[in-house]
Amino acid sequence: MAELMAVVAIVSILAVLATYSVRKYIATSKTSEAFEMITNIKAAQESYKDETFAYLPVSPDLTSDTSFYPSNPNPGQKKMNFSGAPPALQTNWQRLGVNSAGPVLFVYACTAGAAGTPPSPVGSDITIGNWPSTVGNPWYVVKAKADLSGQGVYTVFLGTSFSGDMFSANAN
């Protein structure tokens, strides 16, 4: 009887560890999309700047839901093709030339500005220390967000032209 209890305890511990590992793997695979897309958007902005000498302000801001692309009422809960938004927003994304290899889980916004202007506010869903009040060069900020848990808490990633860092919030 003691041997059976030991076997049950060991199997239970292994099941808990396996469940944790699988959940962590799934979360990591979901967030890797945001890193790849932000990298693609940054490359597209740099290419656009090489041709026009300015970055393209694709989205009006980084805080309103209508600024994000694609139009997805449930980012993080449902994948959408990287298309479908108000015409002006969709035209800007097409002009920038960003494409996705398949449907996306996150939604994306990208603002830009001239040298000497303040970068866009990033919103209350991510906190970044030492956010600059102005930037000496033309700049852009890319934001990705999705509610991966389905509980109203957004996982947010942010990349900029003036920092090589990738910022994140709630990326567990």
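**Salt bridges and the sheet**

A: A search of the whole structure finds two salt bridges. The model is a predicted one.

Take D65 and K145 to begin with. Their side chains form a salt bridge, with 3.0 Å from N to O. D65 sits in the loop between helix 1 and helix 2 (87-96), and K145 sits in strand 2, so this pair ties together parts that are 80 residues apart in sequence. The two partners differ in cover. D65 has 59% relative accessibility and counts as exposed, because exposed means over 50%. K145 has 7% relative accessibility and counts as buried, because buried means under 20%.

Now the other pair. D125 and K143 form a salt bridge, and their closest N and O atoms are 2.8 Å apart. This pair also links distant parts of the chain. D125 is in the loop between strand 1 and strand 2, K143 is in strand 2, and 18 residues separate them. D125 is partly exposed, at a relative accessible area of 24%. K143 is buried, at a relative accessible area of 1%.

Strand 2 covers residues 139-146. Its partner here is strand 3, residues 155-160. The two run antiparallel, and six bridges join them. K143 stands opposite L158 in strand 3.

Strands of a sheet pair through backbone hydrogen bonds, either parallel or antiparallel. Here four strands form an open sheet, in the order 1-2-3-4, with antiparallel pairing. Strand 1 (107-113) and strand 4 (166-169) are the edge strands, and each pairs on one side only. On average, neighbouring strands of this sheet are turned by 15° against each other, direction ignored.

One more feature concerns the start of the chain. M1, L4, M5 and V8 make a nonpolar surface patch of about 480 Å². M1 lies in the segment before helix 1 (2-52). M1 has 72% relative accessibility and counts as exposed.

Note on methods: Residues numbered from 1 in each chain as written. Predicted model: local features only at pLDDT ≥ 70, side-chain atom pairs only at ≥ 80, totals over all residues. Heavy atoms only, no water. Pairing = 2+ DSSP bridges. Axes fitted to C-alpha atoms, helices over the stretch in contact; angles between N-to-C directions. Patch = residues over 30% accessible without salt bridge, like charges linked within 9 Å, V, L, I, M, F, W, Y side chains within 5 Å. Areas by Shrake-Rupley, 256 points an atom, 1.4 Å probe, with all protein chains shown as cover. Salt bridge = Lys/Arg side-chain N within 4 Å of Asp/Glu carboxyl O. Buried < 20%, exposed > 50% of the residue type's maximum accessible area, 1.4 Å probe, protein only.
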